[in-house]
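Here are my notes on the two-chain model you passed along.

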Amino acid sequence: MSARLSLLALALLVLAPALLGLVLPPNQAQFWTANILGRALVYGIVALSLTFLATYGGFVSLAQMTLAGIAGYALAILVEGAVPGIVGGLPYAAAVPAALLAATLAGLLVGAIAVRTRDIYLLMITLALAMGVARFAESNIDWFNGYEGIRNVVGPVLFGVPFRDPHLFYYVALAAAAALYAGVLYLVRTPFGLVLQGIRDNPRRVAALGYDVSLHRIAAFGVAGFIAGCGGVLTTIYNIGISPGSIGLGASVNILIISVIGGLGHPAGAFVGSLIFAVFDTFAASLYDRDRFNTLIGLVFLGIVLASPDGIVGLARRLGGLRRPSRAGEQPAPRPAETG
Amino acid sequence: MPPDPAPALHLTGIGRRFGALHAVRDVTLTVAAGERRAVLGPNGAGKTTLFNLVCGDIPPTEGRIAFFGADITHLPPHRRTRLGIGRTYQTSLLFNGLSVLDNLYLAVRGGRPGRFSVRRPGRGDPDLARARALAERMRLAHVAERPVADLSHGQRRQLEVGMALACDPKVLMLDEPAAGLSPGDRPELLALLKGLPRSLTLVLVEHDMDVALPASDVVTVMKDGAIAVEAPPDRIGSDPVVQAIYLGGGH
């Protein structure tokens, strides 16, 4: 996706609440702003951490929702006003950085544990870690309040407006998503990001060139942990709390589904997939039947994977390529017999 | 230029077993600094295993390897690269998702401090300039921005050598550089090899005598994991042991 297209999408998202206000009644416009677009953005951030790992490192991790949950739990445990108060007392300005630090460290730890595994084995080990953390949170009362989780994480008051205000929440989520998206695109063009792509294409060669593959892998998981942590803080505030259900098997798999629907070929896929998922999750009940939501999203997933293995973004790219055959011709002469 | 007193590579009693298979056995080999050494042998002679032992891809089960006098027997591959052992691969191991220039840039960065940088290289970045110069030297400047997946086989081999040269190795190890090249591409490769400076020590494992003999000072012929003959290239063709290996014992 070109920079021009990204900026266009950003402009559209900035104007979205106003545009929705023009076509929908106020309460519905608010619902769309916070509960469809806002939600798509915050879960999209968690999915972005997976897309970053998978697209540029070739690592498919099922532990990204867990890392988001670690940030969420850290926030809920530390911040003032949460129910029940476990440590409490910290303002958001201190609790949020602590939560991001916790997620980053947990990301580094996951990376270090999984450093020698690839493909299906990496998937299994991250799944095991994710399930372990979810079970632990479910059975531990002292720190995680067990099955019920921690409630009333309402977010700070910014500029005199409570965080729960749909517009404030939406614009904070959008700013975070845009910054992280731009950060990922920047990072992958730096030496660190290029090495990561080298590891994806050929880890043996990367080592032969003098790079420490393990260290780069662990660092990449740390970066992904930070991104997931940002998503975790926002999803926890969006849900006004966190419980083991938000980091269970279903939640972890949903992040994978979001990433694959959107496309594991470009960071934009995380947000495209998240928007599609949010729309289906919200309207499947009224379209079809509440209990059949999983059937519907499963069919959508199957359809997209069959039609376009690289997701919606890949599909859009190919359609774009079909529409612009002349662009290819403008590039420097496509290699005639020049081997000589 | 005074020659380095310690040999570039000194292998003492090197061996490697894969279970019951003794792929390399008791190889003792000295390559002087600046020398061009070819390692020949039929399939299964242990050439590539020996090569991987020197590069550190697999650890030896017996023996020692010294690089300019320093023991490197147990160093991991990336540490050997930083010391100055560059290598190419038999089947090109390139980064298919990246451009030619990014491949070379990564190779240039690999030999330097600050490998972990998260700052994007600017226009005047010296490493980037060096990557461009290498693309020029390997005659790949016209395809520098293209993804490696688009290159022809000959271009991939050229890039392979370019990447190995990027971190200024003292010893360059070439694993069958002519593998899969058309006859027309071979003189180009040979010219490229002959043009390398004498400050560089060259070890090439090769199947193809037409490339190996003109490019080398000393030829080592291996058979069944051990060294059979060590001789200058002009005597290799007439050596009875070599003839027996390549033509079979009956001739």
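1. A quick definition before anything else: a salt bridge here is a side-chain nitrogen of Lys or Arg within 4 Å of a carboxyl oxygen of Asp or Glu. Keep in mind that this is a predicted model. With that cut-off, Arg204(A) and Asp57(B) pair up through their side chains, with N to O at 3.0 Å. Between chain B and chain A the salt bridges number three.

2. What else is polar across the interface? Eight residue pairs are in polar contact between chain B and chain A, counting pairs with both residues at pLDDT 80 or more. On the side of chain B that touches chain A, the elements giving two or more residues are α2 (77-83), α3 (100-110) and α5 (153-165) of chain B. Sorted by class, that side of chain B has 15 nonpolar, 13 polar and 14 charged residues.

3. Now the extent of the interface. Chain B puts 42 residues in contact with 33 residues of chain A. The two chains bury about 3,200 Å² between them, and carbon and sulfur atoms give 56% of that area. Which three residues of chain B supply more of its buried area than any other three? They are Phe95(B), Phe116(B) and Arg120(B), which supply 20% of what chain B buries against chain A.

4. On to chain A by itself. I'd start with its 15 helices and four strands. Its radius of gyration is 21 Å, close to the 20 Å that the globule rule gives for 340 residues, so chain A is as compact as a globular protein of that length. Along the principal axes, its C-alpha trace spans about 75 × 50 × 40 Å.

5. The UniProt record (an unreviewed entry) lists "transmembrane region" for chain A at residues 40-60, 67-86, 92-113, 120-137, 168-188, 209-234, 268-288 and 294-316. I looked at two of these spans in the model. Residues 294-316 of chain A are 87% helix and 0% strand, with end C-alpha atoms 25 Å apart. Residues 67-86 of chain A come out at 60% helix and 0% strand, and there the end C-alpha atoms lie 20 Å apart.

6. Last, chain B. This chain has nine helices and 10 strands. With a radius of gyration of 19 Å, close to the 18 Å that the globule rule gives for 251 residues, chain B is therefore as compact as a globular protein of that length. The C-alpha trace of chain B covers about 60 × 45 × 40 Å along its principal axes.

Key:
Residues numbered from 1 in each chain as written. Chains lettered and ligands numbered in written order. Predicted model: local features only at pLDDT ≥ 70, side-chain atom pairs only at ≥ 80, totals over all residues. Heavy atoms only, no water. UniProt positions renumbered as here; feature names shortened; annotations may be inferred. Contact = heavy atoms within 4.5 Å. Buried area = accessible area lost by both parts, 1.4 Å probe. Polar contact = N/O pair within 3.5 Å; in protein donor to acceptor, adjacent residues only side chain to side chain. Nonpolar A, V, L, I, M, F, W, Y, C, P; charged D, E, K, R; others polar. Rg over C-alpha atoms; globule rule 2.2 N^0.38 Å.
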